[in-house]
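Please keep the sequence and the structure in view while reading.

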Amino acid sequence: MSVPADAPILTSSAMRDAEAACAASGTSLSELMDRAGAAVADIAWRMAAGAPVLILCGPGNNGGDGYVAARLLRERGANVRVAALAPPTTDLAKAARAKWAGAVEPIDETLAPAPVAVDALFGVGLTRPLAAELAGRLRALAVRRVIAVDVPSGVDADGEHDWAPPLPAHVTVALGALKRAHVLLPAAQHCGRVLLAGIGIVCDATIRTLPRPPAPLPGVTSHKFSRGMMLVRAGPMPGAAALAAAAGLRAGAGYAVLSGADTAPLSAIIAEDGDHYPARLGDKRVGAVVIGPGYPAGMALDRDVASAIDSARPLVLDAAAIDAALPRLRGGGLTAILTPHEGEFVRAFPGAEGGKIDRALAAAAETGSVVIYKGADTVIAAPDGRVAAAWPGSPWLATAGTGDVLAGACGAMLSRGGDPFDAAVQAAAWHIARAAHIGPGLVADDLVGE
Ligand SMILES: NC(=O)C1=CN([C@@H]2O[C@H](COP(=O)(O)OP(=O)(O)OC[C@H]3O[C@@H](n4cnc5c(N)ncnc54)[C@H](OP(=O)(O)O)[C@@H]3O)[C@@H](O)[C@H]2O)[C@@H](O)CC1
Ligand SMILES: [K+]
């Protein structure tokens with residue numbers, strides 16, 4: 001599973017607006033459908049490698065894309081069949097159907113499968129779940145490889161509704177822009193590899209996939225403090241804070257202080273008695289304070305979070321430190337990255353509604369902070385509306401301590417100054433790239449190893 005890096009993600013309605021704008025500026029919708037069908041035909045041609053292709057067409061424009069692809073594949077000499085659920089209902093789809101010179105089979109129990117199927121049944125126009133009988137029949141169709149046009153048929157393109165499992169795709173050709181279903185669970189796991197076919201639609205989206213990880217080469221005039229000094233506050237379980245501090249150095253911070261721990265996981269980390277914490281907060285060189293890893297709720301945490309906020313240093317708040325800071329975050333004016341996992345998010349933001357992107361945006365707006373809403377489909381949201389979706393991440397990160405490592409990486413990126421959203425995005429990209437590099441057998445310590 002993969003998605004293109006730094007790609008725009010639009011809702012269905014924003015996609016329609018972008019299509020309309022494209023048509024208004026001179027590229028007709030029929031031209032867009034021709035380009036969409038050509039992109040699908042190209043991929044089907046390569047995936048089939050001479051094997052027969054079955055194109056499943058729905059009644060709307062998604063089906064129209066399928067008829068165009070069928071015609072182009074036949075022109076290339078491919079062995080291609082078309083089967084339709086219902087006759088086309090839109091003018092564009094009717095026109096595309098009219099140019100397909102071959103037969104159109106019904107999609108019923110008599111339909112013979114093919115090694116490669118193109119799913120052009122439903123795209124962003126699906127407004128309700130597929131009938132259970134149809135969903136079952138599609139899944140029962142024995143095909144080796146499925147190419148979904150725009151989205152796998154049956155998923156809610158906006159990723160808000162968890163409808164019955166769709167026809168799962170091996171490759172999904174996203175048209176014009178990615179949709180939320182390509183990056184949010186549960187839909188994303190049915191998309192296989194997502195390819196983006198530009199088809200000429202211009203969209204300047206503030207919601208995008210994660211960019212490629214940064215290569216933080218130090219500048220020639222860099223020194224340890226200019227690369228970022230971070231302060232990690234250890235709680236009763238100092239191992240978690242130690243992981244965060246080590247991650248900070250590995251992610252490019254020049255200087256890391258671990259406050260309240262006897263030993264440091266790396267010799268380069270300054271481990272010191274917690275009594276120095278207030279004085280350290282007063283050190284103007286400290287570019288970020290990380291607090292929360294290994295620090296359960298209680299008076300000590302409340303006190304340490306309060307003094308970190310009073311110091312006006314940029315903050316990375318994880319776990320119970322998020323709850324401790326919430327009342328002051330809602331007052332605004334702080335620079336902070338919050339890193340809740342699902343349980344912590346629901347506890348802190350019980351009123352957030354909608355899909356995961358909407359909920360992350362609501363939490364960011366409520367707190368004036370950057371929110372990294374963690375999970376297999378991590379979403380990073382900024383109060384100004386920017387979002388980075390980190391799907392598919394790395395499944396090897398599903399192990400204890402990796403959240404502490406992410407908090408430390410955020411501290412490193414934030415400690416250099418600059419935009420906290422960029423810092424959070426870079427930290428997430430670093431975290432995933434590191435995990436992908438290590439792969440099977442990963443434990444959190446490996447992320448901060450050599
Ligand atoms: N982005 C772009 O620039 C371009 C996009 N293009 C393509 O257009 C696609 C969007 O096309 P679209 O709007 O016609 O909707 P589409 O997904 O075909 O489905 C609508 C049909 O499904 C029906 N229907 C709905 N739910 C149903 C259900 N549960 N069970 C059964 N039926 C159901 C619905 O019927 P109704 O709701 O009216 O009853 C209607 O007939 C887009 O994904 C992309 O592939 C390209 O061609 C050009 C460039
Ligand atoms: K589809």
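Asn62 is located in helix H3, which covers residues 61-75. The model examined here is predicted. According to an unreviewed UniProt entry, Asn62, Asp119 and Ser153 carry the feature "binding site". These positions are spread over 92 residues of sequence, yet they cluster in space, with a largest C-alpha distance of 9.5 Å.

**Asn62**
- Asn62 counts as buried because it has 27 C-beta neighbours inside 10 Å, and the cut-off for a buried residue is 20 or more.
- Beyond its neighbours within four places in sequence, Asn62 is in contact with residues including Ala120, Phe122, Gly125 and Asp150.

**Asp119**
- Asp119 belongs to strand E5, residues 116-120.
- Asp119 is buried, since 31 other C-beta atoms lie within 10 Å.
- Leaving aside neighbours within four places in sequence, the contacts of Asp119 include Leu56, Val149, Pro152 and Ser153.

**Helix H6**
- Helix H6 has 13 residues (238-250), which at 1.5 Å a residue should span 18 Å; this agrees with its end C-alpha atoms, which are 18 Å apart.
- Twelve of the 13 residues of H6 are buried, so the helix is largely enclosed by the rest of the structure.
- Among these buried residues are Pro238, Leu243, Gly248 and Arg250.
- The buried residues of H6 pack against strands E11 (229-233), E12 (255-259) and E14 (286-291), and against helices H12 (402-415) and H14 (444-447).
- Gly252, which follows H6, has a positive phi near 115°.

Note on methods
Residues are numbered from 1 along each chain as its sequence is written. Chains are lettered from A and ligands numbered from 1 in the order in which they are written. This is a predicted model: local features need pLDDT of at least 70, side-chain atom pairs count only at pLDDT 80 or more; totals for chains, interfaces and linings use all residues. UniProt positions are given in the numbering used here, feature names are shortened, and annotations may be inferred rather than shown by experiment. Helices (H or I, at least four residues) and strands (E, at least two) are DSSP runs, numbered from the N terminus. Two residues are in contact if their C-beta atoms, placed from the backbone, lie within 7 Å. The expected span of a helix is 1.5 Å times one less than its number of residues.
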